[in-house]
Amino acid sequence: MKLHCANRVLDLSVPHVMGVLNTTPDSFSDGGSYASLDSALYRGEQMLKQGARIIDVGGESTRPGAVKIELQQELDRVIPVVEKIHGNLDVCISVDSSSPEVMLAAQKAGAHMINDVRALQRDGALEAAKKVNLPVCLMHMQGEPDTMQSNPSYSHILDDVYGFLSERILACHEAGIENSQILLDPGFGFGKSVEHNYHLLANLKHFESLAVPILVGLSRKSMIGSALGGRPVNDRVAGSVAAAVVAVIKGAHIVRVHDF
Ligand code: 7PJ
């Protein structure tokens, strides 16, 4: 399986690492320490040297309880970082955004891929994804970040997530986005209990029948912390690596990670 990302090709017959580059001051784990352009570039360069093939640039924190941000603020955070990395590093740039305006501007700034935790459900997002003609990752989330962890509930977690993702694939097809441009992510930690997350991980192969590449983000998440007796976010590296390995064995093509 090959993924065509603008002028780059990712061979998905081997797993790839996507490194997280947060530009948010309240981000889950980077805490805004890469807020300036030079430090963002430095971090991108470090991740590339250590094996990341994709750098995921995000300007909206989607951590549980995160506050919503304005579009202009997201553009101001993300677009200069995309431009800087595009001009300096030989790496595939993904943009973690649900906003059609950010998708369009990011493509002009040199992005190669879209990563949308809301699976192109915002007004205009399907059209923007079609227009930029880049691969897009559709993620499952129950609820919205500010409330999603309050009481996640499912009649059947696997069927619910599978059903949602297949509906979003259909919506993409209707918008003219083909399977060759689609990736899927069950959305670990996004409106899910620890039990839900481990059930999804154990059954990740279930999603193979959707016939598109699978991307997962397990790095530093609460499901890792809970397996390690409640260790803090910055102290979950070994557990995150173990979970990434399990995901790859279960069929994940791309793993999204914070630590290198
Ligand atoms: C994910 C993401 C994930 C995808 C975040 C964090 C929270 N995008 N963006 N999958 N998580 N596709 O980094 O822990 O799991 S933000």
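This is a predicted model: local features need pLDDT of at least 70, side-chain atom pairs count only at pLDDT 80 or more; totals for chains, interfaces and linings use all residues.

Me: OK, which helix is isoleucine 249 in?
Reply: Isoleucine 249 sits in helix 8, which covers residues 237-249.

Me: And is isoleucine 249 buried or exposed?
Reply: Exposed: its relative accessible area is 62%, and the cut-off for exposed is over 50%.

Me: Switching to the ligand. Which residues come nearest?
Reply: Asp96, Asn115, Asp185, Lys221 and Arg256, out of 13 residues around the ligand.

Me: How far is the aspartate 185 side chain from a ligand nitrogen?
Reply: An N or O atom of that side chain is 2.6 Å from a nitrogen atom of the ligand. For ligand oxygen atoms, there's a polar side-chain atom of arginine 256 at 2.8 Å, and a polar backbone atom of glycine 217 at 3.4 Å.

Me: How much of the ligand does the protein bury?
Reply: 96% of the 390 Å² that the ligand exposes when taken alone.

Me: New topic: where's histidine 196?
Reply: In helix 6, residues 194-202. Histidine 196 counts as buried because its relative accessible area is 16%, and buried means under 20%.

Me: What lies 2.9 Å from a polar atom of its side chain?
Reply: The backbone nitrogen of serine 193.

How values were computed:
Residues are numbered from 1 along each chain as its sequence is written. Side-chain values use heavy atoms; hydrogens and water are left out. A residue is near a molecule or strand if one of its heavy atoms lies within 4 Å of it. A polar contact is a pair of N or O atoms within 3.5 Å; within protein, one must be able to donate a hydrogen and the other to accept it, and residues adjacent in sequence count only if both atoms are side-chain atoms. Accessible areas come from the Shrake-Rupley method with a 1.4 Å probe; for residues, only the protein chains shown count as cover. Helices (H or I, at least four residues) and strands (E, at least two) are DSSP runs, numbered from the N terminus. Buried means under 20% relative accessible area, exposed over 50%, partly exposed in between (1.4 Å probe, protein chains only).
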